[in-house]
Amino acid sequence: MRALNNTTAESSALHIEIVDMLYGNNRRSLLAAFIVMAALLLVQRHLIASPILLIWSVLFLLAYGARAFLTYQYAKDPVREAHTRQWLQWFRATSLFCGIAWGLAGILLFPESDTEHQAFLIFALVGVCGAGIVIYSVDTTTSNLFTGGILLFMIPRFVLHGTQLSLALAVLFIVYVIYVTVAGRSLASSLRDNIMLRIASNLDNKKVHQLAYYDFLTGLPNRRLLTDRLNQSFARCARHKSYGAVICLDLNNFKGLNDSKGHQAGDELLQQVAARLSLSLRKRDTIARMGGDEFIAVLDDLSKDKAEAVVAAHRAAENMMAVFSAPFELQDSLYRTSPSIGICLFMGDHFDEAEVLRRSDIAMYQAKKSDKLNSIQMYDETLHPAIEQRASLENELAFALQANQLLLYYQVQVNADQQPIGAEVLLRWQHPTLGMIPPDQFIPIAEETGDIVPIGHWVLAQACQQLKHWADSAHTAGLKLSVNVSAKQFSQPDFVRQVTEIVLASGCDARHLCLELTESLIVKNIDEVIGKIKALKALGITFSLDDFGIGQSSLSVLRRLPLDELKIDRSFIKDIAHNNYDSFIVQTIINMGKNLSHSVIAEGVELQQQMTMLQHMGCQRFQGYLFSKPVPLAEFEACLQAILTQPEALARLQTRLY
């Protein structure tokens, strides 16, 4: 069915393109036609009676006047794509009319006693006819009508009333028309093929654009497009010295709906919420889905006065809140829900994207904690001690590496037989007073401060040394290690040199080292990214695209990247058994990997059912709690040794490690 829809879309697009080309070429051919008309009248004026010249001029002007009027009306039609068939029929009719007008010139402007002017007349008509065949070649019917109109009226006159020379010219004209028609059809066929290829490419690009920039479920902009719109909003507000706002909306008790009525009901709710929210804002505002049940709105040019901007942002949030007053119809039953909304104002470039989104998120959680139903909370620093804690973490993180507080954990990666093939190296921060700090709290800070560069250098060095150590044992010599590389680290001018030095200094086999790149990294400076990947692949290093499928990368450039592996994001694996959209995306990624000759690994595999489905889809590599949680090196090696020497111990180890 999808293939049939694509064929229909391509056929429709082809007709639209042909009609547009016909009318587009017509603007230029009108001028040429009037020039030839003027030349004929000028040359033949002494040989043809004035009334006859006047009659032909009127007929010509009527024909081409109708063509000019039709072209003007076509340009004015705002929905001409919907009327393609009618516009094509009108164009064909006027083409016949114009061809008849030229054919009548062969009768009315034919000087019986002057072979020189007969030759000039047929020369002019030959040029008009040949040009028409070429210009209208994209539509055979139009070309035939135009040419037929000329031949129908002019050839009899040249054959019956001309001299031997004019008769010979008429025969040559017919031969010429046949030849140009055949050539024109060949040109038309080639042109149609090129148009079809371009249309197919455009349709593919539209699909790629939709996948890359829009949420699959709701059709709203995704995180990547939101980033672009937010940066544009920053620029506009900076230019106009006005305030904008980011509004973060989260549904209350969404998990309860999924648990009680299933994920299909949850998906239906998200789709209806998205549709309502889209109608609640101004046309120039952006509403995006960040994932799960979280939506983000971006408003700009609210006011140059902060107090007025606060009022305008609250009014917009209230409009968003109002869409929840009516119940939602889910699976033939009515369902009511309410959101929590957080607002963060910004002006110009005083804040960056991450900070504004973080602040609106903090405000939203403050609203969620409020006792009020349908709470709207404006960000206020004084209400959020978390900001001070973040500043403290930022300061202490700068010394964490030197203080040996950073640890490496290892999470096993297995093949279809659940045999270890390698591991992913994961960073942990053991804070002396706060305990183990989750990566999602300190790694974004390291990214923003730039500390991720020396930290990443250290992680890579440790991983290479571990590979060298494992090479001495037959049980571990074949294992690979995957190391995450941040966008900031990869973008360093000397990144290739640093990695090369680390690999050579460690003495490890570079073929067992896999660098995982994020999707956000590959959409910037694609040529530079490709160059660095190729330089490191020359050492034997392999590359994996991490968290693939979340919609940030441009699929149109994916084919250019010399990758070895795609890593399916855990968010799609989590609900793969219950969510048709997630399973469709996972299957698409696996198929894409096969088509690009990339291996595919699924992360976040926690259930045997998930692994079974993934295997059925064609995935052969897995990572997740089903096999082992991330553990320190000593524990990882102990578990690895048990698995390799006692295969029957795998289930027992899974139970203990989970």
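## Charged groups over aromatic rings

Arg276 is placed over the face of Phe328, 3.8 Å from the ring centre. A second case is Arg428, over the face of Tyr409 at 5.5 Å from the ring centre. A charge is taken to sit over a ring if NZ of Lys or CZ of Arg is within 6 Å of the ring centre and within 35 degrees of the ring normal.

The model is predicted, so that local features need pLDDT of at least 70 and side-chain atom pairs count only at pLDDT 80 or more, while totals for chains, interfaces and linings use all residues. Residues are numbered from 1 along each chain as its sequence is written, and side-chain values use heavy atoms, with hydrogens and water left out.

## Aromatic pairs

One aromatic cluster is formed by Phe34, Trp56, Phe60, Tyr64 and Trp102.

## The chain as a whole

The protein chain contains 24 helices and 17 strands; these are DSSP runs numbered from the N terminus, with helices (H or I) of at least four residues and strands (E) of at least two. Of its 658 residues, 48% are buried, that is, under 20% relative accessible area with a 1.4 Å probe, protein chains only.

The chain exposes about 31500 Å², of which carbon and sulfur atoms supply 57%; the area comes from the Shrake-Rupley method with a 1.4 Å probe. Among contacts (heavy atoms within 4.5 Å) between residues at least 6 apart in sequence, 70% join residues at least 24 apart.

Five strands make up an open sheet of mixed pairing, in the order 2-3-1-6-7; two strands pair if DSSP finds at least two bridges between them. Strand 2 (286-291) and strand 7 (376-378) stand at the edges with a single partner strand each, so one side of each has no neighbour in the sheet. From one strand to the next, the twist averages 25°.

Strand 1 (residues 243-251) and strand 6 (residues 339-347) are antiparallel and share nine bridges; within this pairing, Ile247 stands opposite Ile343 in strand 6. Helix 10 (residues 306-322) lies across strands 1, 2, 3 (294-303), 6 and 7, and runs at about 150° to strand 6. Such angles run from 0 to 180 degrees between N-to-C directions, with axes fitted to C-alpha atoms, for helices over the stretch in contact.

Strand 11 (residues 480-485) runs parallel to strand 12, joined by five bridges, and Val485 has Leu517 of strand 12 as its bridge partner. Strand 12 also pairs in the parallel sense with strand 13 (residues 542-548), over four bridges; here Cys514 is opposite Thr542. Strand 13 is in turn joined to strand 14 by three bridges, again in parallel, with Glu565 as the bridge partner of Ser544. Four bridges connect strand 14 to strand 15 (residues 599-602) in the parallel sense, and Ile568 is partnered by Ala602.

In a regular strand, side chains alternate between the two faces of the sheet. In strand 12 (residues 513-517), five of the five residues are buried: Leu513, Leu515 and Leu517 point one way, and Cys514 and Glu516 the other. Strand 14 (residues 565-568) is likewise covered on both faces, with Glu565 and Lys567 buried on one side and Leu566 and Ile568 buried on the other.

Notes. Buried < 20%, exposed > 50% of the residue type's maximum accessible area, 1.4 Å probe, protein only. Phe/Tyr/Trp six-rings, centres within 6.5 Å; stacked < 30°, edge-to-face > 60°.
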